[in-house]
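Here is a brief report on one structure. Look over the sequence and the model first, then read on.

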Amino acid sequence: MIRSIRWRVAVTTTLGVLLVGGGAAAAWYSLASDILSSELDDELDSKVKTLATLTRCVGDALELEFSDELMPDFLPGKEPSYFQVWQRDGAIVERSRSLGERTLMFPSTSREEVAHWDLVLPDGRPGRAAALAFAVTEGDDVDAEDDPANSAVPPVLPVAVIMAAKSRIPLDSRLASLRLSVALVGLGLAAGLAFVVGHLVGRGLRPLHRLSQEVGALDPRAGPGALPLNGLPTELFPIAHRIDDLLARMHAALERERRVTANIAHELRTPVSELQSLTEVAIRWPKDEQHLRRSLVSAHAVARRMNSLTEAILRLSNPEEARLTIESERFDLSELTRELLTESEGKVRPIEADLAEGVSITSDKVALRIILANLIDNAREHASEGPIVCRLARDDDVAEFCISNPAEDLDEDDVACLGERFWRNDATRTSGDRPHFGLGLTIASELCARIGAELSHRLVSGRLEVRVRMPANEST
Amino acid sequence: MRVLVIEDSKILRESLQRGLSCSGFVVDVVGDGRQGWIYASRNDYDVVVLDLMLPSMDGMEILTKLRAEGHDCHVLVLTARDALEQRVAGLKAGADDYLTKPFEFDELVARIEALGRRRYARKSPVLVEGDLEVDQGSRQIRYRGAVIEVARREFNLLRFLLLRRGEIVTRIEIEDHLYNEHTLPDSNSVDSAICSLRRKLRHAGCPDVIATRRGVGYVFRQGEGDTP
C-alpha cells in the first residue's frame with residue numbers, strides 16, 4: 001500500500017482527471033461516431049428515396065426508371081454500392097447492375113420510415129443497408145379513364161420495397177482513426193498529467209518535507225524555539241507549534257529530572273562524605289578523648305540523618321505503598337486540624353487559626369493527618385519573620401485547608417521547584433540538627449493524589465500559600 | 001601554605017580544618033557563600049577549597065566573581081555534584097581542580113599541594129637550593145641528606161621564602177602565609193620564627209641563607225645553599 005502522501009495525491013488526482021477525461025473522450029467519440037454513422041445513413045436514405053421516386057406503377061407492373069449516369073456507384077466496379085427493388089410479395093422488380101446474378105435478402109421493413117442496419121455485402125465487404133417500403137405512384141401511361149381522380153372508388157396503390165447498401169469500410173476506417181487519435185491523446189494526456197500533477201504536488205508538499213527535515217535534524221536536547229515557525233503554511237503551523245510545545249515540555253521535564261538527580265546525589269553524598277572525613281580525621285589525628293567522643297556523637301547524628309533520608313526515599317519509591325488500600329471514613333476535618341495545631345503548640349512558632357466548624361469529609365484520616373502535619377511543620381520550620389496563618393473553610397461541597405507563611409527567601413522560580421524531590425532553597429540546605437531533605441511537600445503531594453485531594457501552592461505578596469482541597473460531605 | 005575552606009556542612013568544615021591543619025596547612029574555614037567571598041577576595045590564599053551548594057551565595061558565583069576581579073588564587077571545587085556538565089562548567093568558570101564527595105583525605109591533601117606548587121611554578125615537590133632540600137611531600141628539611149627538625153611554622157616559613165627565592169618578602173606577607181584569620185600573631189612573631197629557623201639551619205651546618213632587608217622584610221639568598 002502506498003504510504004507516501006505525494007504519491008497518493010498524485011496518483012488519485014491523475015486517476016480522477018483521467019476518469020473524467022476518459023468519460024469525456026468516450027462521450028465525444030460516441031457523438032463523433034454517431035455523426036459519422038448518420039452521414040452514411042443519410043447518404044443511403046437519399047439513395048433509397050431517390051430510387052423510390054423513380055419507381056412507377058405501369059399497369060400491373062412496377063418499373064424503375066433508373067439511369068446509370070444518375071447513380072454511377074451502383075455500376076459494377078471495385079467497391080460498388082447495391083440496390084434492389086421488390087414488390088410487396090417479394091418478387092424482385094429491379095436490381096442494380098453491380099449485383100450481377102446475386103440478390104440482396106428481402107428486408108423486413110415498415111412503411112413509416114427508412115430502416116438501417118449493418119450487413120455483409122454480396123462481395124464480402126462489411127456494409128450498411130437502408131430499406132423503405134413505399135406506395136408506388138402511377139406512371140404517365142395511365143389513361144384518363146383509369147385516372148383515379150375520375151373514379152368513384154380510389155384505386156389501391158401497390159407497395160414496393162426498396163433497399164440500398166454500400167460499404168461501411170470508409171466509415172469504419174474513419175472511426176478507427178478517431179479511436180486511435182483519442183487513445184493517443186489520452187495516453188499523452190495521462191503521461192503529461194502524471195508528470196505535472198506529481199510536480200505540482202511535490203512543490204505543494206515542499207513545506208511539509210522541509211518541516212520533516214527540520215524535525216529530523218532536531219537535537220534531542222533542543223529546547224523550545226528550536227523549530228522555526230515563521231513562514232510555515234497555515235495547515236502546518238498547528239503541527240509545528242505543537243511539536244515545539246512538546247519540545248518545551250520535554251525540555252522542562254528533562255531539566256527537572258536533572259535537577260532532581262543532582263539534588264538526590266547531593267543529599268546522599270553529603271552525609272557519606274561527612275562520615276568519611278569525620279572518622280578519618282579522628283583516626284589519623286586523635287586529639288584527646290573528648291575530641292574522639294565529639295566525633296562519635298557527630299557520626300551518630302549523621303547516621304541518624306542518613307536513616308531518615310533512607311526511610312523518606314523508600315517511602316516515596318516503595319511500590320507496595322502504591323497498592324495500599326485507602327481506608328475511607330467519615331470524620332470532622334475541623335477537629336483533626338485543631339488537634340494537629342494543638343500537638344504542635346509547644347514548638348517555636350505560633351500559628352493563627354481560623355477554622356470553620358463542622359467541616360465533615362470522607363477520606364483516609366491517617367493519610368490526611370500526615371499531609372496536614374507535614375504542611376504545618378514546614379510552615380513552622382521555614383517561615384520568615386511574620387505570622388503563620390492556618391484556615392479551614394467549606395465552600396459548597398469542597399473543603400479547603402490553607403496554610404500561609406511569610407517566605408521572603410522564596411521567589412517564583414523557587415515556588416515552581418517546591419514540589420520537586422530533594423529541592424531545598426539556600427536557607428534549608430545547611431544540615432544542622434534537624435535534617436531537611438526537601439521531601440516533605442513531595443510526600444504530601446503524592447498522598448493527596450492517592451486520596452483524591454488537590455494540593456497547590458503559590459506565592460502571594462511574599463507569603464507562601466499551600467492549599468489542600470477535597471470533597472466535603474453535605475452539611476448536617 | 002594558606003588554604004581557605006568554604007563549606008556549609010559544619011561536620012565537614014570542622015573535619016577539614018583539623019585534617020588540613022594537621023597536614024601542615026594554615027587553614028581558614030567559613031560556612032556560607034557571602035562570608036567565603038569576603039575572605040577569598042580580601043586575603044591571599046594559596047588554595048581555596050570551594051563547595052558549590054552554599055547558602056547566601058553559591059560556589060559558582062564566588063568562582064566567577066573571583067576570576068572576574070582578577071584573583072588568581074587556585075580554586076579546588078569540592079562538591080557532591082559529579083555530572084560531566086557540572087565538572088566542565090566548574091573548570092570553565094575558572095576552577096583549577098574538581099573533587100567530588102565523598103573523597104579520600106590523602107587525595108585532597110595531594111591535590112591542594114599540587115595546586116600550591118603550581119602557584120609558584122614548581123612542578124617538583126622537593127625544593128632544592130644547593131645542599132639544602134625542602135621536601136613538601138614529607139614535610140622535611142634536609143641539609144646534605146640529614147634531616148633538620150623544625151616546627152611546622154618554621155617549615156612553612158622556609159618553604160615560603162624558598163619558593164620566592166631572590167624576592168624580598170615582607171613581614172605582612174609572611175604573617176598572611178603563616179597564620180589564619182583567627183590567629184593574631186605577636187608583632188615579633190615573624191622575627192622570632194626567622195631567628196629560630198636560622199639557628200637550626202646553622203646548627204645543621206647550613207650557611208645563612210636568609211638575609212634581612214631592614215625595614216622591608218627577608219629574602220632567601222639564591223646560590224647560598226652550598227657549603228662555602
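Among contacts in chain A between residues at least 6 apart in sequence, what percentage join residues at least 24 apart? The figure is 64%. The model behind this value is predicted.

## Chain A overall

Chain A has 476 residues, and 38% of them count as buried. Its secondary structure comprises 11 helices and 15 strands.

## Two buried residues in chain A

Ser96(A) sits in a loop of chain A. Is Ser96(A) buried or exposed? Its relative accessibility is 3%. The cut-off for buried is under 20%, so Ser96(A) counts as buried.

The side chain of Ser96(A) makes a polar contact of 2.9 Å with the side chain of Ser98(A). Which residues does Ser96(A) touch beyond its neighbours within four places in sequence? They are Phe74(A), Ser81(A), Tyr82(A) and Phe83(A).

Met163(A) belongs to strand S8 (residues 159-167) of chain A. Its relative accessible area is 1%, so Met163(A) is buried. Ala131(A) is 32 residues from Met163(A) in sequence. In space, the two are 4.0 Å apart, C-alpha to C-alpha.

How many cavities of 30 Å³ or more does a search of the whole structure find? It finds 3. The second largest cavity holds about 60 Å³ of space.

Residues of chain B line this cavity: Met1(B), Phe25(B), Glu113(B), Gln136(B), Arg139(B), Phe155(B), Asn156(B) and Arg159(B). By class, the lining has 3 nonpolar, 2 polar and 3 charged residues. Which element gives the most to the lining? Helix H6 (residues 152-163) of chain B does, with 3 residues.

Notes: Residues are numbered from 1 along each chain as its sequence is written. Chains are lettered from A and ligands numbered from 1 in the order in which they are written. This is a predicted model: local features need pLDDT of at least 70, side-chain atom pairs count only at pLDDT 80 or more; totals for chains, interfaces and linings use all residues. Side-chain values use heavy atoms; hydrogens and water are left out. Helices (H or I, at least four residues) and strands (E, at least two) are DSSP runs, numbered from the N terminus. Buried means under 20% relative accessible area, exposed over 50%, partly exposed in between (1.4 Å probe, protein chains only). A polar contact is a pair of N or O atoms within 3.5 Å; within protein, one must be able to donate a hydrogen and the other to accept it, and residues adjacent in sequence count only if both atoms are side-chain atoms. Contact means heavy atoms within 4.5 Å. On a 1 Å grid over the protein atoms alone, a cavity is a set of points where a 1.4 Å probe fits but cannot get out, and a pocket is an open set with protein on both sides within 12 Å along at least five of seven lines; lining residues have an atom within 4 Å of a point. Grid points are joined across faces, edges and corners, and a volume is the space filled by probe spheres set on the points. Ala, Val, Leu, Ile, Met, Phe, Trp, Tyr, Cys and Pro count as nonpolar, Asp, Glu, Lys and Arg as charged, and the others, Gly among them, as polar.
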